[in-house]
Amino acid sequence: MPKQTYITTPIYYVNGKPHAGHALTMLVCDIEKRYHGMLGHDTVFLTGTDENALKVLEAAQEAGEDPQAFVDRISQTFVEVARQLGIEYDIFYRTTSPQHFTAVQRLFQVLRDNGYVYLDKYEGWYDVSAETFVREAELVDGKSPDGNEVRWVSEENYFFKLSAFGDRLLAHADANPEFWLPVGRAAEVRSFIQQGLRDLCISRANPGWGVPVPGDDSKVIYVWFDALINYLAATGWPEPGWEDLWPADVHWMAKEIFTRFHATTWPAMLMAAGVPLPKTIIAHGWFTFNDAKMSKSKGNVVTVADLLTWFGEIGCSPEMARDAVRFALARVLPYDGDANFGREEIARHFNADLANDLGNALNRTINMVQKFCGGVVPTGTVDPEVVSAAQECQAKAEGFFATHELHKALDSGLEIIRFLNRYIQEKAPWTLAKNEDASLNDVIVSMLYCLRVAEGLLRPFVPSACDALLAQLGYGNTDATTEWAIATDPARLNHGKPVQDPSPLFPRIDLKAMNSETPTSEPTPVAAPAPAPAEAARPTIEFPDFARIDLRVGRVLEAEAVENSEKLLKLQVLVGEERRQVIAGIKQSYEPDELIGRQVILVMNLKPRKMAGLESQGMILAADGPDGKAILLTPEAEAPEGTSVH
Ligand code: MSP
């Protein structure tokens, strides 16, 4: 049997109910699974729940419920969210299953047999909320670096020799550039490993909940060690057949559990067990509200149910509401940085892309078929220029699927719609009709073709909207594009068949009347100064004056627009081991995404200053372009981050 494609979300803690952040990772995997399906790959998608954590036990106790009954109940809320969003997972994995206990104990034993597990005393702090061990030196005002309460732990425990794997992990990543993604986060993992990995405590005193250490019931296996094994255990490991699925092709998660757990501990555990490593471990950023991670404890969560109700209220049918939520999540996917996830952002994208661009293109096309062609798809030839535009969108989408930049793959699908609207404007079919121009039918079939292409390219993201679009074009429900390769084939038009009456797929959201329940955004920042006009030469300075400026090579790890500012971008720049936040007035010159991973020159010792309410801890160098746009300075060849510039 050929190896199946295997993609996973994290398994979610069941101490609370899911919100849109949890749903996001389910959705990215669902989109990838649907895309793989269109490529003809046999794909298995795993999601599930992480149930053996101490915080889960404590949540059950607080709720006054039997822990198993509690996890059974909360686990179902994740199943429900998947159902609400049309998530087609294959495995819903739960760590309280007997299969899981057996596999975890087995892997623990393998690592012990291989000499990577030893007994020692653990003295230090434990953060129950993040389920992590915290060193004294890491405490900030008596709390964990995440701001959580910590408890003192003094126990004899088992340790995993994580320290033995740093070099091997780096070597593996060097040989496999797609191992850690995105590139900016890979740089963080490297620097984390280069600081030296410490052995990891992998057991805790048994609180009566969790997977007992084999042969030592006084302890349970540390929940992260237990949870990570889910991905392998779900394949049936070590029973025959597990290699049909393993190694995993993609482990998706958000950034907070990337570096330390998924990118480092997990592959080191696999190396220690002699099991092949996953192909790609990839983290997206967070949905935030005003720079705070969406989280239950901060009270700033939006649930999928909230969004479905909202789209229902503005007039979407249940299927279209579901696709509207899928679209909202995927459109603002925080790939490199974080993304503010408020109603306003959602409504803006929804109106622009779905209600306006897609809605207008469909409506105008069908109206013209009715008016100029008697409501029937005419015979004609698709304009070769239109076919190449469609093929270009498809190729772009393919490229973005390969790098897992799904928000951009989605945009490439929408691009054919934007093209179509421009094409209609340019060709003015109403004038062709008036002049009885022989090219009218070719233009109309070219328009229909663009919609047919969009149906294929957008299908992994919004499958129900694609079905509805197809129905309006007069196709049956077995005509859906199930093969990616034929999505831009011009031979698939329904010549001679009637189209339906046009009806809007998505309503328009009235932004003014909209009830914006999400926290308000930052106050309007003061505009940054406009680029300076060509300057006169400045007075001569002595070399020591120049030498006072500390210039260094940095690498942009994250870049995002500053809310409500026309000019500013917020960058996170890595310089040596340090990370600097830089607010740069280059929004009109660069898209945030094109900056990520790029090297820049940073003025390090410029006094920090506030811009748009955000601290800027340096300045990046740019030349004033002739059109007033900034041209960033980049070293001619890659230089290690932190290198001095003279
Ligand atoms: N149980 C661990 C994971 C173990 S995997 C072996 C865990 N669970 S969690 O319930 O806290 O889920 C964290 C994951 O949920 C994130 O990594 C991400 O996939 C998703 N998200 C939760 N909140 C999110 C946002 N605000 N934004 C984006 N993703 C979010 O950690």
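The legends below describe close-up views of a predicted model. Local features are given only at pLDDT of at least 70 and side-chain atom pairs only at pLDDT 80 or more, while totals for chains, interfaces and linings use all residues. Residues are numbered from 1 along each chain as its sequence is written, and side-chain values use heavy atoms, with hydrogens and water left out.

**View 1. Strand E20 and its burial.** Helices (H or I, at least four residues) and strands (E, at least two) are DSSP runs, numbered from the N terminus. In a regular strand, side chains alternate between the two faces of the sheet. One side of E20 carries Gln-599, Ile-601 and Val-603, the other Val-600 and Leu-602, and both faces are covered.

**View 2. Strand partners of E20.** Strands count as paired if DSSP finds at least two bridges between them. E20 pairs with strand E17 (residues 551-561) in the antiparallel sense over 5 bridges; Val-600 of E20 is the bridge partner of Gly-554. Strand E23 (residues 619-620) is joined to E20 by 2 bridges, also running antiparallel. Here Met-619 of E23 stands opposite Val-603.

**View 3. Salt bridge between Arg-326 and Asp-30.** The closest N and O atoms of this pair are 2.7 Å apart (salt bridge: a side-chain nitrogen of Lys or Arg within 4 Å of a carboxyl oxygen of Asp or Glu). Arg-326 counts as buried at 1% relative accessibility, and Asp-30 is buried at 0%.

**View 4. Salt bridge between Arg-34 and Glu-88.** The closest N and O atoms of Arg-34 and Glu-88 are 3.6 Å apart. Arg-34 lies in helix H1, and Glu-88 in the loop between helix H3 (67-85) and strand E3 (91-94), 54 residues apart. Arg-34 counts as buried at 18% relative accessibility, whereas Glu-88 is partly exposed at 41%. Asp-30, Arg-34, Glu-88 and Arg-326 are linked in a network of salt bridges.

**View 5. Salt bridge between Arg-190 and Asp-174.** In this pair the closest N and O atoms are 3.0 Å apart. Because Arg-190 lies in helix H6 (residues 183-194) and Asp-174 in helix H5 (residues 166-175), the pair ties together parts 16 residues apart in sequence. Arg-190 is partly exposed at 25% relative accessible area, and Asp-174 is exposed at 52%. The whole structure holds 27 salt bridges.

Definitions and conventions
Buried means under 20% relative accessible area, exposed over 50%, partly exposed in between (1.4 Å probe, protein chains only).
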